[in-house]
Amino acid sequence: MRVLLVEDDPGVREALELGLSLEGHEVRAVDRPEEALGLLSWAEVVILDVLLPRGDGFSLLRAIRERSEVPVLMLTALDGVEWRVKGLREGADDYLVKPYSLQELLARLEALVRRARRREEVLAYKDLRLYPRRMEAFRGERRLALSPKAFLLLKAFLEAPEEVLSKEALMRKVWGEEVEPATLEVHLSALRKALGEPSPIQTVRGYGYRLFLPEG
(Lines give C-alpha, C1' and ligand atoms only; values in the text may rest on other atoms or scores of the structure.)
Protein backbone atom coordinates (compact mmCIF):
# COMPACT_ATOMS: atom_id res chain seq x y z
CA MET A 1 0.00 0.00 0.00
CA ARG A 2 1.01 3.61 -0.54
CA VAL A 3 0.07 5.32 2.72
CA LEU A 4 -0.09 9.09 3.18
CA LEU A 5 0.23 9.87 6.88
CA VAL A 6 -0.85 13.33 8.06
CA GLU A 7 0.13 13.63 11.72
CA ASP A 8 1.40 16.59 13.75
CA ASP A 9 3.04 14.70 16.64
CA PRO A 10 6.65 13.89 15.61
CA GLY A 11 6.84 10.88 17.92
CA VAL A 12 3.60 9.35 16.68
CA ARG A 13 4.48 10.19 13.09
CA GLU A 14 7.90 8.51 13.25
CA ALA A 15 6.58 5.44 15.07
CA LEU A 16 3.73 4.96 12.61
CA GLU A 17 5.98 5.52 9.62
CA LEU A 18 8.43 2.93 10.93
CA GLY A 19 5.72 0.41 11.81
CA LEU A 20 4.00 0.64 8.42
CA SER A 21 7.33 0.53 6.57
CA LEU A 22 8.40 -2.62 8.44
CA GLU A 23 5.15 -4.22 7.24
CA GLY A 24 6.26 -3.58 3.66
CA HIS A 25 4.22 -0.46 2.85
CA GLU A 26 5.36 2.79 1.24
CA VAL A 27 4.77 5.74 3.56
CA ARG A 28 4.90 9.50 3.05
CA ALA A 29 4.58 11.30 6.40
CA VAL A 30 3.71 15.03 6.51
CA ASP A 31 2.26 17.49 9.00
CA ARG A 32 1.14 20.32 6.70
CA PRO A 33 -2.17 20.34 4.77
CA GLU A 34 -0.61 21.75 1.60
CA GLU A 35 1.92 18.90 1.54
CA ALA A 36 -0.86 16.35 1.98
CA LEU A 37 -2.92 17.78 -0.88
CA GLY A 38 0.09 17.61 -3.16
CA LEU A 39 0.46 13.86 -2.54
CA LEU A 40 -3.14 12.76 -3.11
CA SER A 41 -2.52 11.37 -6.58
CA TRP A 42 0.27 9.18 -5.14
CA ALA A 43 -1.63 7.81 -2.13
CA GLU A 44 -3.79 4.70 -2.03
CA VAL A 45 -5.02 5.53 1.47
CA VAL A 46 -4.71 8.47 3.87
CA ILE A 47 -4.31 8.41 7.65
CA LEU A 48 -5.43 11.81 8.88
CA ASP A 49 -5.02 13.26 12.37
CA VAL A 50 -7.84 15.55 13.47
CA LEU A 51 -5.57 18.00 15.32
CA LEU A 52 -3.04 19.69 13.03
CA PRO A 53 -0.74 22.68 13.72
CA ARG A 54 -2.04 24.63 10.70
CA GLY A 55 -5.82 24.20 10.59
CA ASP A 56 -7.84 21.19 11.65
CA GLY A 57 -8.16 17.76 10.10
CA PHE A 58 -11.82 18.25 9.22
CA SER A 59 -10.97 21.23 7.02
CA LEU A 60 -8.26 19.21 5.32
CA LEU A 61 -10.70 16.30 4.91
CA ARG A 62 -13.14 18.59 3.09
CA ALA A 63 -10.32 19.80 0.83
CA ILE A 64 -9.32 16.20 0.10
CA ARG A 65 -12.89 15.31 -0.84
CA GLU A 66 -13.03 18.22 -3.27
CA ARG A 67 -10.06 16.72 -5.12
CA SER A 68 -10.05 12.96 -4.63
CA GLU A 69 -11.94 9.82 -3.64
CA VAL A 70 -8.89 8.31 -1.94
CA PRO A 71 -9.92 6.38 1.23
CA VAL A 72 -9.34 8.35 4.44
CA LEU A 73 -8.99 6.90 7.93
CA MET A 74 -9.15 9.51 10.69
CA LEU A 75 -6.84 8.81 13.61
CA THR A 76 -7.40 10.90 16.72
CA ALA A 77 -7.48 11.13 20.49
CA LEU A 78 -10.93 12.77 20.28
CA ASP A 79 -13.37 10.09 21.43
CA GLY A 80 -17.14 10.26 21.49
CA VAL A 81 -19.92 9.50 19.06
CA GLU A 82 -20.26 13.12 17.95
CA TRP A 83 -16.64 13.21 16.69
CA ARG A 84 -16.99 9.92 14.80
CA VAL A 85 -20.25 11.08 13.24
CA LYS A 86 -18.68 14.41 12.24
CA GLY A 87 -15.71 12.67 10.63
CA LEU A 88 -17.87 10.23 8.68
CA ARG A 89 -20.24 12.96 7.54
CA GLU A 90 -17.35 15.14 6.38
CA GLY A 91 -16.16 12.31 4.12
CA ALA A 92 -13.96 9.97 6.17
CA ASP A 93 -14.20 6.27 5.37
CA ASP A 94 -13.19 5.05 8.82
CA TYR A 95 -12.35 6.44 12.28
CA LEU A 96 -9.90 5.03 14.83
CA VAL A 97 -9.39 6.44 18.32
CA LYS A 98 -6.01 6.56 20.09
CA PRO A 99 -4.60 4.48 21.69
CA TYR A 100 -4.88 1.76 19.06
CA SER A 101 -3.22 -1.45 17.94
CA LEU A 102 -0.95 -1.26 14.90
CA GLN A 103 -2.43 -4.55 13.71
CA GLU A 104 -5.96 -3.16 13.90
CA LEU A 105 -4.86 -0.04 12.03
CA LEU A 106 -3.27 -2.20 9.32
CA ALA A 107 -6.38 -4.35 9.00
CA ARG A 108 -8.58 -1.27 8.60
CA LEU A 109 -6.24 0.27 6.00
CA GLU A 110 -6.12 -2.97 4.02
CA ALA A 111 -9.92 -3.20 4.04
CA LEU A 112 -10.25 0.39 2.80
CA VAL A 113 -7.77 -0.19 -0.03
CA ARG A 114 -9.47 -3.47 -1.06
CA ARG A 115 -12.83 -1.74 -1.34
CA ALA A 116 -11.32 1.19 -3.27
CA ARG A 117 -9.59 -1.13 -5.73
CA ARG A 118 -12.80 -3.06 -6.37
CA ARG A 119 -14.67 0.09 -7.36
CA GLU A 120 -11.77 1.84 -9.08
CA GLU A 121 -12.19 2.83 -12.70
CA VAL A 122 -9.72 1.32 -15.12
CA LEU A 123 -9.26 2.13 -18.80
CA ALA A 124 -7.79 -0.75 -20.78
CA TYR A 125 -6.87 -1.69 -24.34
CA LYS A 126 -4.82 -4.75 -25.27
CA ASP A 127 -1.78 -4.66 -22.91
CA LEU A 128 -2.40 -1.07 -21.76
CA ARG A 129 -4.08 -0.19 -18.46
CA LEU A 130 -4.65 3.25 -16.95
CA TYR A 131 -6.00 4.06 -13.49
CA PRO A 132 -7.29 7.68 -13.49
CA ARG A 133 -7.64 8.10 -9.73
CA ARG A 134 -4.22 6.67 -8.95
CA MET A 135 -2.59 8.47 -11.89
CA GLU A 136 -0.90 5.21 -12.88
CA ALA A 137 -0.54 3.52 -16.25
CA PHE A 138 0.94 0.16 -17.25
CA ARG A 139 1.98 -1.63 -20.40
CA GLY A 140 1.86 -5.27 -19.50
CA GLU A 141 3.42 -5.41 -16.05
CA ARG A 142 5.65 -2.38 -16.68
CA ARG A 143 4.61 0.81 -14.92
CA LEU A 144 4.92 3.76 -17.27
CA ALA A 145 6.81 6.90 -16.23
CA LEU A 146 4.60 9.61 -17.71
CA SER A 147 4.45 13.38 -17.33
CA PRO A 148 1.01 14.78 -16.39
CA LYS A 149 0.36 15.82 -20.01
CA ALA A 150 1.48 12.47 -21.42
CA PHE A 151 -0.79 10.74 -18.90
CA LEU A 152 -3.76 12.83 -20.05
CA LEU A 153 -2.95 12.11 -23.68
CA LEU A 154 -2.92 8.38 -23.01
CA LYS A 155 -6.19 8.72 -21.10
CA ALA A 156 -7.77 10.49 -24.11
CA PHE A 157 -6.67 7.66 -26.41
CA LEU A 158 -7.89 4.95 -24.02
CA GLU A 159 -11.29 6.61 -23.75
CA ALA A 160 -11.70 6.14 -27.52
CA PRO A 161 -9.47 3.21 -28.60
CA GLU A 162 -9.07 2.73 -32.36
CA GLU A 163 -10.93 5.98 -33.06
CA VAL A 164 -9.12 8.73 -34.95
CA LEU A 165 -8.71 11.82 -32.77
CA SER A 166 -7.88 15.15 -34.38
CA LYS A 167 -5.10 17.35 -33.07
CA GLU A 168 -7.73 19.88 -31.98
CA ALA A 169 -9.67 17.25 -30.03
CA LEU A 170 -6.52 16.11 -28.21
CA MET A 171 -5.57 19.69 -27.39
CA ARG A 172 -8.98 20.36 -25.85
CA LYS A 173 -8.92 17.16 -23.81
CA VAL A 174 -5.43 17.77 -22.41
CA TRP A 175 -5.03 21.55 -22.29
CA GLY A 176 -8.68 22.68 -22.39
CA GLU A 177 -7.87 24.84 -25.41
CA GLU A 178 -5.89 24.76 -28.62
CA VAL A 179 -2.14 25.11 -28.18
CA GLU A 180 0.79 25.31 -30.56
CA PRO A 181 0.98 22.10 -32.67
CA ALA A 182 4.64 21.77 -31.68
CA THR A 183 3.60 21.52 -28.01
CA LEU A 184 1.29 18.61 -28.80
CA GLU A 185 3.98 16.92 -30.87
CA VAL A 186 6.53 17.15 -28.04
CA HIS A 187 4.20 15.44 -25.55
CA LEU A 188 3.09 12.84 -28.09
CA SER A 189 6.72 12.01 -28.76
CA ALA A 190 7.37 11.61 -25.03
CA LEU A 191 4.31 9.35 -24.70
CA ARG A 192 5.41 7.17 -27.62
CA LYS A 193 8.89 6.83 -26.13
CA ALA A 194 7.45 5.82 -22.74
CA LEU A 195 5.12 3.25 -24.33
CA GLY A 196 7.92 1.58 -26.26
CA GLU A 197 7.60 -0.76 -29.23
CA PRO A 198 5.47 -1.74 -30.97
CA SER A 199 4.02 1.77 -30.83
CA PRO A 200 0.26 1.73 -30.19
CA ILE A 201 -0.15 5.36 -31.37
CA GLN A 202 -0.59 5.67 -35.10
CA THR A 203 -0.47 8.86 -37.15
CA VAL A 204 -3.40 9.09 -39.57
CA ARG A 205 -2.16 11.63 -42.07
CA GLY A 206 -4.54 14.50 -42.69
CA TYR A 207 -6.80 13.48 -39.78
CA GLY A 208 -4.93 13.00 -36.51
CA TYR A 209 -3.94 10.03 -34.37
CA ARG A 210 -5.42 6.82 -33.06
CA LEU A 211 -4.62 4.13 -30.51
CA PHE A 212 -4.35 0.87 -32.41
CA LEU A 213 -2.55 -2.44 -32.06
CA PRO A 214 -3.19 -5.24 -34.53
CA GLU A 215 -4.04 -8.71 -33.27
CA GLY A 216 -1.22 -11.11 -32.76
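This is a predicted model: local features need pLDDT of at least 70, side-chain atom pairs count only at pLDDT 80 or more; totals for chains, interfaces and linings use all residues.
Local features were taken at pLDDT of at least 70 and side-chain atom pairs at pLDDT 80 or more, whereas totals for chains, interfaces and linings use all residues. Residues are numbered from 1 along each chain as its sequence is written, and side-chain values use heavy atoms, with hydrogens and water left out.

The chain has eight helices and eleven strands; these are DSSP runs (helices H or I, at least four residues; strands E, at least two), numbered from the N terminus. The C-alpha trace spans about 65 × 35 × 25 Å along its principal axes. Of the 216 residues in the chain, 44% are buried (under 20% relative accessible area, with exposed over 50% and partly exposed in between; 1.4 Å probe, protein chains only). Among contacts (heavy atoms within 4.5 Å) between residues at least 6 apart in sequence, 55% join residues at least 24 apart.

Helices H6 (residues 148–159) and H7 (residues 167–175) have axes that come within 9 Å and cross at roughly 125 degrees. The contact involves Lys 149, Leu 152, Leu 153, Ala 156, Phe 157 and Glu 159 of H6, and Leu 170, Lys 173, Val 174 and Trp 175 of H7. Axes are lines fitted to C-alpha atoms, for helices over the stretch in contact, and angles run from 0 to 180 degrees between N-to-C directions. The loop between H6 and H7 contains Glu 162, whose phi is near 70 degrees, a positive value in a residue other than glycine. Glu 162 is partly exposed, at a relative accessible area of 38%.

One aromatic pair is present. The ring centres of Tyr 131 and Phe 138 lie 6.1 Å apart with planes at 85 degrees, so the pair is edge-to-face (for rings of Phe, Tyr and Trp, its six-membered ring, centres within 6.5 Å; planes under 30 degrees apart stacked, over 60 edge-to-face, the rest tilted). Both Tyr 131 and Phe 138 are buried. The charged end of Lys 86 sits over the ring of Phe 58, 4.9 Å from its centre, and that of Arg 210 over the ring of Phe 212, 4.2 Å from its centre (NZ of Lys or CZ of Arg within 6 Å of the ring centre and within 35 degrees of the ring normal).

The peptide bond from Lys 98 to Pro 99 is cis, with omega near -5 degrees; Pro 99 lies in the loop between strand S5 (94–97) and helix H5 (102–119). Glu 197 and Pro 198 are also joined by a cis peptide bond, with omega about -5 degrees.
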